[in-house]
2 protein chains.
Amino acid sequence: MSNASNNRLERLLSRFAAGDRLALARLITLVENRSADVATVMERLYSRAANVHIVGITGPPGAGKSTLIDRLVSKLRARKQQVAVLAIDPSSPFSGGAVLGDRVRMGDHYNDPGVYIRSLSTRGSHGGLSRAARQIVTLLEAFKFDVIIVETAGVGQTELDIMDLAHTTVVVTVPEGGDSIQIMKAGLNEIADIFVVNKADRDGADRVKAELELNVHLRGDTGWRPPVLLTQAANDIGIETLVQQLDKHWEYVRSQRDPVKECQRRIHEFAEILTDQLEERARDALRNGPAHELVDAVSAGRLNPYAAARHLLDDPSAMGELLSKSAGER
Amino acid sequence: MSNASNNRLERLLSRFAAGDRLALARLITLVENRSADVATVMERLYSRAANVHIVGITGPPGAGKSTLIDRLVSKLRARKQQVAVLAIDPSSPFSGGAVLGDRVRMGDHYNDPGVYIRSLSTRGSHGGLSRAARQIVTLLEAFKFDVIIVETAGVGQTELDIMDLAHTTVVVTVPEGGDSIQIMKAGLNEIADIFVVNKADRDGADRVKAELELNVHLRGDTGWRPPVLLTQAANDIGIETLVQQLDKHWEYVRSQRDPVKECQRRIHEFAEILTDQLEERARDALRNGPAHELVDAVSAGRLNPYAAARHLLDDPSAMGELLSKSAGER
């Protein structure tokens, strides 16, 4: 890294530490663009000690998650809490753009200095979304928000993985035909700490509630029994109860902190970070040189990619060189 | 690898080559269990020369994808084609189990020796689903099916990534309120080669068709113009047209094969395979020893995981040793 860019990064980190929002936004952009500085930034700002409640909100498209979050933010702001919202769009893998609609509903909060809203769109990169989400949450924690809300739309595997970041996962659904079945098929029932049946003025809300409660019952006693709440976010009904349950679960999580699980979580996180960085370096190395003969052979179809991978992996010194060279070249 | 297990693997590969279905099933199970033999199997069976049409079928939950596939398989069987179906469940990240329902509809085909049906459930492992899907498709290609159908349920990022495997991607929707918007929000319109509006006897089918056609129109001329088909899979209506369009698109894909793109695809695949294997080895190394001091420090909270990762990555020989040792230990 050059001295000039080094200084620029230091200034950015100082401004971040002083609570400058623009510095936060700039650092998030570095993460989105997979800048080479990200590892340095993360190492400097990493701190899991912070007492920040990370709330995940997920559920099928059309469940009204954005409106619910909008109302939830209002309640948290009334308690003077600083709130960050990270909305993760399952947007186009090609354009990286999101369809307008959900975002604009949050309009009221955009001018509130106690609320930070950021939308993260995918870039079609395999695994990149989970990594970016984890890094941005680390930045938001370091910025000392009181509550961080992570919204994932859609019901896919990546979206489930991202919910691992949350202390409390809220699964939102609506009383439409078969919705509790869809929740179960998507595996959402397994990760829910709180269920919300939104748009509860529609027919069938009580039935969905009963089905979800039965499901909770069948899971047996696991210490925390996920409540099933009825809300009408559009009419601001039921949000107070949601806030109470969030507080209650957060208290539960803190009371349950298990040193063994905490160690496992740290090792898991370390493995994620290491493999993310290995992956970055390997991709970089394939693009930028060190393995170009192998790449040419694979590209021309002369060598099958599994054989090429074995070739590299079976030679520890080649591997070490490959991964460090590429790092030097950035 | 011991000689005994080596011999067992060789026998399995011979039986596979002779067209033994049980051997195919056994090899798929190795992939699912992430056996250490997978790399060897893949290297031996990798062949992209095969003239196998890979059809991806995706769309929101409840669109009737399984019924559609059931009917599609019947038509392909009537032409004496050998068909494989790989259904990828967005099932529980905890139990690995799928909810019954969709699968059982395919009952008629389970006893047909010309059809192979396999359901792949996730094991909650980050990135593991795409890898397993790619490897299983490679096995199915090598087994010389004529058509491989890959179904993903859900609308998440992983599910979109898996659709990269397909030559032809079919996006299935239903004429329900806002469904074409959901398709666009999920980025599905960008990957569709063929749109299917299923359950087209319901109100609004023509409107959804018109919206999707407008969307195709706005994308501009890209050579292939995705058709929007109306089907009623439950009544076996419109499936013949779908088969015709699949043939047409497959012909189009083969006529368009661009040597430059083909090279890019191979390099992309190589990068995937290499980084998958790197990731496996790194995780293994963290679990099984070589880096245990670092792991202990991270686990105890004495060292932050980004610092620990930098420590390893900055030392090429440690890195090389780490990745190869773990391989030896398996």
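Leaving aside neighbours within four places in sequence, which residues is A:Lys199 in contact with?

Reply: A:Lys199 is in contact with A:Gly64, A:Val174, A:Pro175 and A:Gln232, once its neighbours within four places in sequence are set aside. Contact here is a C-beta rule: the two atoms, placed from the backbone, lie within 7 Å. The model is predicted, and local features need pLDDT of at least 70, side-chain atom pairs count only at pLDDT 80 or more, while totals for chains, interfaces and linings use all residues. Residues are numbered from 1 along each chain as its sequence is written, and chains are lettered from A and ligands numbered from 1 in the order in which they are written.

Where does A:Lys199 sit? It is in the chain A loop between β6 (194-197) and α9 (205-219). A:Lys199 counts as buried, because 22 C-beta neighbours lie inside 10 Å. The cut-offs, with C-beta atoms placed from the backbone, are 20 or more other C-beta atoms within 10 Å for buried, 12 or fewer for exposed, and anything in between for partly exposed. A:Gly64 is 135 residues from A:Lys199 in sequence, yet their C-alpha atoms are 7.8 Å apart.

Now the chain as a whole. Chain A has 14 helices and 7 strands. Of its 330 residues, 49% count as buried. Take the contacts in chain A between residues at least 6 apart in sequence: 73% of them join residues at least 24 apart.

A:Leu120 is another buried residue, with 22 other C-beta atoms within 10 Å. It belongs to strand β3 (residues 115-121) of chain A. Beyond four places in sequence, A:Leu120 contacts A:Glu32, A:Leu86, A:Ile88, A:Ala132, A:Ala133 and A:Ile136. A:Ala36 is 84 residues away along the chain, and its C-alpha is 19 Å from that of A:Leu120.

A:Leu86 leads on to the core. The largest nonpolar core has 166 residues. Such a core is a set of buried Ala, Val, Leu, Ile, Met, Phe, Trp, Tyr and Cys residues joined through C-beta atoms within 7 Å. Those with the most contacts inside it are A:Leu86, A:Ile148, B:Leu86 and B:Ile148. B:Leu86 touches B:Ile148 itself, along with B:Arg118, B:Leu120, B:Ala133, B:Ile136, B:Val137, B:Leu140 and B:Val150, not counting residues up to four places away in sequence. In soluble globular proteins, nonpolar side chains tend to be buried together.

Next, helix packing. In chain A, the axes of α3 (residues 38-45) and α5 (residues 128-142) come within 10 Å and cross at roughly 40°. That angle makes α3(A) oblique to α5(A). Axes are lines fitted to C-alpha atoms, for helices over the stretch in contact, and angles run from 0 to 180 degrees between N-to-C directions. Under 35 degrees is roughly parallel, over 145 roughly antiparallel, 65 to 115 roughly perpendicular, and the rest oblique. A:Val38, A:Met42 and A:Leu45 of α3(A) meet A:Gln135, A:Thr138, A:Leu139 and A:Ala142 of α5(A). By class, this contact has 5 nonpolar, 2 polar and no charged residues. Ala, Val, Leu, Ile, Met, Phe, Trp, Tyr, Cys and Pro are nonpolar, Asp, Glu, Lys and Arg are charged, and the others, Gly among them, are polar.

α3(A) also meets the other chain. Its axis and that of α13 (residues 305-313) of chain B come within 7 Å and cross at roughly 135°. So α3(A) is oblique to α13(B). A:Ala39, A:Met42 and A:Glu43 in α3(A) meet B:Tyr306, B:Ala307 and B:Arg310 in α13(B). Here the classes are 4 nonpolar, no polar and 2 charged.

Inside chain B, the axes of α1 (residues 3-17) and α2 come within 7 Å, crossing at roughly 130°. This makes α1(B) oblique to α2(B). B:Leu12, B:Arg15 and B:Phe16 of α1(B) face B:Ala23, B:Leu24, B:Arg26 and B:Leu27 of α2(B) in this contact. It holds 5 nonpolar, no polar and 2 charged residues.

Last, two backbone angles. Most residues other than glycine have a negative phi. B:Arg34 has a positive phi of about 55°. B:Arg34 is in the loop between α2 (21-32) and α3 (38-45) of chain B. It is partly exposed, with 15 other C-beta atoms within 10 Å. B:Asp236 has a positive phi near 60°. Its loop joins β7 (228-230) and α10 (239-255) of chain B. B:Asp236 counts as partly exposed, with 14 C-beta neighbours inside 10 Å.

Notes
Helices (H or I, at least four residues) and strands (E, at least two) are DSSP runs, numbered from the N terminus.
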